Amino acid sequence: RERRADLAGVLTPEELADYEMRTSPITSRLRTPLSIMNASEAEFRTIFAIQQPYADIISPGVGVFTLEMSQQRRDAVARINEQIKAALGEARYAEYERATQSEFQQLHRLASAEGVSREAVARAYDLRAPAAAASTAIMNDRTLSPEDRRAALQNLAQTTRTQILSTLGPTVGPAYAESARWLAH
């Protein structure tokens, strides 16, 4: 409070608000995803403004984290995501959502170091959803014997692995395929 009062004494209200926004724990948490999605200043300000009212719920600080607090956090995140989606639109929200995933962040770091394009990284990561849907369909297909089911899953994994390798190249592709737990499962 003293620090804020000191800053308020030398900064205009607008400068103080901007300083608080840029040094907020929310901003620290958003830095990587917003950088990955190459968010504009306007998008940053919009996302920050949406998340700010929920700061204490999302990051409650120290203490016991109860089941009730966990549910409140899930509800807050759902409301935040709905508002961000409405503000950014479907396409940019999809980029934002992807960029918030730790697996995508890891893939992005690896691919950036090797010069793999953002588009290739997104295409490779986005193989996950259709592979999961196909996997679920195979598991739910009662006409398949356990052996046929296993063979179909192995074929799906190999096909997906091949797509990852061709999309990400000879260095990043194998590294991602090895680290992608969803592919192994």
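User: Hi! Is the crossing where α6 passes α7 left-handed or right-handed?

Analyst: Hi there! It's a right-handed crossing. Do keep in mind that this is a predicted model.

User: Thanks! Which residues make that contact?

Analyst: From α6 you have N81, I84, K85 and L88, and from α7 there are E90, R92, Y93 and Y96. Sorted by class, the contact of α6 with α7 has 4 nonpolar, 1 polar and 3 charged residues.

User: And at what angle do the axes of α6 and α7 cross?

Analyst: Roughly 135°, and the axes come within 7 Å. Helix α6 covers residues 67–88, while helix α7 covers residues 90–99. Angles over 145 degrees would count as roughly antiparallel, so α6 and α7 are oblique to each other.

User: OK, what about α4 and α6, how do they pack?

Analyst: Their angle is about 155°, with the axes 10 Å apart. That angle is over the 145-degree cut-off, so α4 and α6 are roughly antiparallel to each other. Their crossing is right-handed.

User: Who is touching whom there?

Analyst: On the α4 side, the contact is made by E43, T46, I47, I50 and Q51. On the α6 side, I80, Q83, I84, A87 and L88 take part. By class, the contact of α4 with α6 has 6 nonpolar, 3 polar and 1 charged residues.

User: Let's switch to the core. How many residues does the largest nonpolar core have?

Analyst: It has 38 residues. Those with the most contacts inside this core are I84, Y96, I164, L168 and Y176.

User: Which element gives the largest share?

Analyst: That's α11, with 6 residues. Elements that give two or more residues to this core include α3 (25–36), α8 (102–114) and α9 (118–125).

User: Nice. One last thing: where does N38 lie?

Analyst: N38 sits in the loop between α3 and α4. This residue has a positive phi of about 55°, although it is not a glycine.

User: Is N38 buried or exposed?

Analyst: Exposed! The cut-off for that is over 50% relative accessible area, and N38 has 56% relative accessibility, so N38 counts as exposed.

How values were computed:
Residues are numbered from 1 along each chain as its sequence is written. This is a predicted model: local features need pLDDT of at least 70, side-chain atom pairs count only at pLDDT 80 or more; totals for chains, interfaces and linings use all residues. Side-chain values use heavy atoms; hydrogens and water are left out. Axes are lines fitted to C-alpha atoms, for helices over the stretch in contact, and angles run from 0 to 180 degrees between N-to-C directions. Helices (H or I, at least four residues) and strands (E, at least two) are DSSP runs, numbered from the N terminus. Angles under 35 degrees count as roughly parallel, over 145 as roughly antiparallel, 65 to 115 as roughly perpendicular and the rest as oblique. A crossing is left-handed if the near helix is turned anticlockwise from the far one by less than a right angle, and right-handed if clockwise. Contact means heavy atoms within 4.5 Å. Ala, Val, Leu, Ile, Met, Phe, Trp, Tyr, Cys and Pro count as nonpolar, Asp, Glu, Lys and Arg as charged, and the others, Gly among them, as polar. A nonpolar core is a set of buried Ala, Val, Leu, Ile, Met, Phe, Trp, Tyr and Cys residues joined through side-chain atoms within 4.5 Å. Buried means under 20% relative accessible area, exposed over 50%, partly exposed in between (1.4 Å probe, protein chains only).
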